[in-house]
Amino acid sequence: METTASVRPFGTLESGEEVREITLKNEALSFQILTFGATLRALFVPNRSGEMTDVVLGYDTIEEYMARDGYLGATVGRCANRIAKGQFSLNGKDYLLFCNDGNNHLHGGKVGFSHRVWDIGEVTDTAVTLTLRSEDGEEGYGGNMTVSVTYELKGAGLYLHYEAQSDQDTLCSLTNHSYFNLGGHDSGDVLKQKISIYAERYTPSDAESIPTGAIDPVAGTPMDLRTPTPIGAHIEEDFWQLRQAKGYDHNFAVNDTVGTMKKVAEVTCEESGISMAVSTTLPGMHFYTANYIEETGRRGKNGAVYYPRNGFCLETQQYPDAIHHPNFPSAVLKAGETYDHTTSFVFGNLS
Ligand code: BGC
C-alpha cells in the first residue's frame with residue numbers, strides 16, 4: 001500500500017532548528033504530530049454522524065508550543081511527573097535535577113523531551129517513528145539514552161509504542177500528555193463526559209502533589225471511578241485530595257501485571273457519540289482535568305479558547321516519584337535493558 005503520510009514545515013525555533021508536522025490517515029482516523037516534543041497536535045475521530053472531530057487540544061503555532069506550559073499533546077520524559085526536591089540516589093550516586101515546579105522536578109525538567117526536536121525515523125503506511133538522543137547529564141540525569149516513540153494507526157486505534165535504552169542505570173517514564181475532549185477540542189468543558197478508571201487504588205499526594213507513599217483504596221471516595229461517572233460528578237466535592245489539586249491530578253494504580261496490555265480506562269461523550277478505551281502495559285495512569293489552564297482562558301487551535309476542565313489527560317506512566325518509594329513499581333531503566341511500553345487509545349461510537 002502506498003504511504004499516506006505527508007510532512008510539512010511547522011516553524012523554526014530560535015536555535016534555527018526546523019520543526020515539521022507529519023500527518024497520517026487510515027480509513028478510520030487521522031493524526032498530526034510535530035517533531036517538537038513528538039507532540040500529538042490533532043487527532044480526528046468520527047462522531048456518531050461520521051463527521052471527523054478533533055479530540056485533542058493544541059495550538060496553531062510553534063511559538064505557542066514553545067512558550068506555553070501545560071505540555072499539550074507532548075511526549076514527556078525522561079521521567080514523567082514529579083520527583084520530590086529534584087534529587088535522588090541511584091547505585092550510591094546522588095543526582096540533582098532541575099526544579100521547574102516549585103521545589104520539585106516535573107516532566108523531565110527545564111527543557112525535557114517535550115521541548116526538544118525529535119528526528120523522523122521510519123515512516124510506513126500505518127506508522128511514524130520519532131527518535132531522540134538524550135545525553136548523559138541532561139537535566140541532571142545520568143546515562144546516554146536513545147529513545148523512540150511510534151505513533152501507529154490500527155483500525156480505529158492509535159497505538160503509542162515507546163522504546164528507550166541507556167548506557168547507565170537511569171530513570172525512565174515516558175508518557176503522552178494529550179488533553180482529550182471527546183466532544184471536540186473546542187467544545188467547552190468535559191464535565192459531562194463519563195469516565196471509568198479500572199483501578200482499585202490510587203496514590204494520594206501532599207500539598208505539592210508529591211505522593212505520600214500510600215496506595216489507598218478508591219472505595220468510598222470521589223476517586224472511585226470504577227463504573228462510568230461524569231467527570232464533573234464529584235470534582236467539586238470537599239475531599240482534600242481534590243481540593244489541594246483543584247480537581248483530579250492523581251495517579252491510579254491501573255496495572256499490576258506490568259508489561260502486559262490491560263484496558264485501564266474508558267470515556268464516553270453522549271453529545272458527539274465518541275467513546276475511547278485506553279489500554280497500557282504501564283503500571284500507573286495519571287488522571288488530570290486541566291486544572292491549571294488559566295481561568296481567563298488560553299488561545300488554542302483555530303480560534304478556540306481553552307479553560308480549566310476543557311480537557312482531560314490520561315497519562316499512562318510509572319508512578320510519580322517512584323524512586324523515593326520502594327513500595328511503588330520501579331522506574332529504573334537498567335543499563336543495556338530496553339524500556340518497552342505501549343499505550344493505545346481505541347475509538348468507537350455510542351449508538
Ligand atoms: C501534572 C499537573 C501539571 C500538568 C501540566 C500534569 O501531568 O500532574 O500537576 O500541572 O501536568 O504541567
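The model is predicted.

**The ligand and its pocket**

Begin by selecting the ligand, which sits in the largest pocket. Next, display the residues around the ligand: Gly70, Tyr71, Arg82, Leu106, His107, His177, Tyr179, Asp249, His286, Tyr288, Tyr292 and Glu315. Coloured by class, this shell shows 5 nonpolar, 4 polar and 3 charged residues.

Keep the ligand in view and select the side chain of Arg82, where an N or O atom lies 2.7 Å from a ligand oxygen. At His286, the distance between a side-chain N or O atom and a ligand oxygen is 3.1 Å. With a surface displayed, consider the cover that the protein provides: the ligand taken alone exposes 300 Å², and the protein buries 93% of that.

**The cysteines**

Now select the cysteine sulfur atoms. How many disulfides does the model contain? The count is 0, a disulfide being a pair of cysteine sulfur atoms within 2.5 Å. Centre the view on Cys79, for which the nearest cysteine sulfur belongs to Cys172, at 7.5 Å. Cys79 is buried, with a relative accessible area of 6%. Finally, move to Cys99, which is also in no disulfide; the nearest cysteine sulfur to Cys99 is that of Cys79, 13 Å away. Is Cys99 buried or partly exposed? Cys99 is partly exposed, and its relative accessible area is 30%.

Key. Residues are numbered from 1 along each chain as its sequence is written. This is a predicted model: local features need pLDDT of at least 70, side-chain atom pairs count only at pLDDT 80 or more; totals for chains, interfaces and linings use all residues. Side-chain values use heavy atoms; hydrogens and water are left out. A residue is near a molecule or strand if one of its heavy atoms lies within 4 Å of it. A polar contact is a pair of N or O atoms within 3.5 Å; within protein, one must be able to donate a hydrogen and the other to accept it, and residues adjacent in sequence count only if both atoms are side-chain atoms. Accessible areas come from the Shrake-Rupley method with a 1.4 Å probe; for residues, only the protein chains shown count as cover. On a 1 Å grid over the protein atoms alone, a cavity is a set of points where a 1.4 Å probe fits but cannot get out, and a pocket is an open set with protein on both sides within 12 Å along at least five of seven lines; lining residues have an atom within 4 Å of a point. A molecule sits in a cavity or pocket if more than half of its atoms lie within 2 Å of its grid points. Ala, Val, Leu, Ile, Met, Phe, Trp, Tyr, Cys and Pro count as nonpolar, Asp, Glu, Lys and Arg as charged, and the others, Gly among them, as polar. Buried means under 20% relative accessible area, exposed over 50%, partly exposed in between (1.4 Å probe, protein chains only).
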